[in-house]
Amino acid sequence: MASPEIEALTSALARLPGLGPRSARRAVLHLLKRREASLAPLRAALTAVEERLATCGLCGNVDTSDPCQICADPRRDARSLCVVEDVSDLWALERGRLFPGRFHVLGGRLSALEGVRPEDLAIEGLIARVAGGVVDEVVLAMNATLEGQTTAHYLAERLERYPVRLTQLAHGLPVGGELDYLDEGTLAQALRARRPVA
């Protein structure tokens, strides 16, 4: 058995998403074996993030500055606004540099089962940004779940009185996907969203 301090580190890592007790133990052993190359830089990085961590007052992104780097970037198209459920969704879109505009993080999705109501999300901040008159298009980038689509529908109703173009991410066949392996919901959505062959 390891010392209480090492066990505490293992337990802390095991609480992270994607890491169970065995993976956390392997990570701790790696950090201990390569103390100078791994443990010290990790400690320094965690300390730096802890000291500077901020939530962007404009979009809700998590960064080390407020406004975040995305909102502060003058090259971003302020007329396009992509609404996502969570910061992880924003980061997924940003990884590929797929969206040239700005973002708005709701902080979750509507869910009657989980007790998440409209007032629990950053919807009023979104409405205020759209009401400001700068935004031309709002992209509803909700997850393809029942709760995600319910949230998108609710937002569309709230935004319909503003002169903005509302769009939604396409759903359907993944690139490289085979029809035999897809569920009926994905196939049905792909058929509904079919388009002419160019």
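Student: What share of the contacts in the protein chain with a separation of 6 or more comes from residues 24 or more positions apart?
Tutor: This is a predicted model. Take the contacts in the protein chain with a separation of 6 or more. Residues 24 or more positions apart account for a share of 46%.

Student: Which pattern of helices and strands does the protein chain follow?
Tutor: The protein chain holds 8 helices and 6 strands. Read along the sequence, they give α-α-α-β-β-α-β-α-β-α-β-α-β-α.

Student: What is the radius of gyration of the protein chain?
Tutor: The C-alpha atoms fill a box of roughly 60 × 45 × 40 Å along the principal axes. A compact globule of 198 residues would have a radius of gyration near 16 Å. The protein chain, however, has 21 Å.

Student: How much of the accessible surface belongs to carbon and sulfur atoms?
Tutor: Buried residues make up 30% of the 198 residues. The accessible surface of the protein chain comes to about 13,300 Å². The part that belongs to carbon and sulfur atoms is 56%.

Student: How far from Cys-59 is the nearest cysteine sulfur?
Tutor: Cys-59 is in no disulfide. The nearest cysteine sulfur belongs to Cys-71. Its distance is 3.7 Å.

Student: Is Cys-59 buried or exposed?
Tutor: Buried means under 20% relative accessible area. Cys-59 has a relative accessible area of 3%, and Cys-56 also has 3%. So Cys-59 is buried.

Student: Is Leu-179 buried or exposed?
Tutor: Leu-179 is found in the loop between strand E6 (165–168) and helix H8 (184–192). Exposed means over 50% relative accessible area. Leu-179 has 55%, so this residue is exposed.

Student: Which residues does Leu-179 touch, not counting those up to four places away in sequence?
Tutor: Contact means heavy atoms within 4.5 Å. Leave out residues up to four places away in sequence, and Leu-179 touches Leu-173 and Leu-187.

Student: How far apart in space are Leu-179 and Leu-13?
Tutor: In sequence, Leu-179 and Leu-13 are 166 residues apart. In space, C-alpha to C-alpha, they are apart by 39 Å.

Conventions:
Residues numbered from 1 in each chain as written. Predicted model: local features only at pLDDT ≥ 70, side-chain atom pairs only at ≥ 80, totals over all residues. Heavy atoms only, no water. Helix = DSSP H or I, 4+ residues; strand = E, 2+ residues; numbered from the N terminus. Rg over C-alpha atoms; globule rule 2.2 N^0.38 Å. Buried < 20%, exposed > 50% of the residue type's maximum accessible area, 1.4 Å probe, protein only. Areas by Shrake-Rupley, 256 points an atom, 1.4 Å probe, with all protein chains shown as cover. Disulfide = S-S within 2.5 Å.
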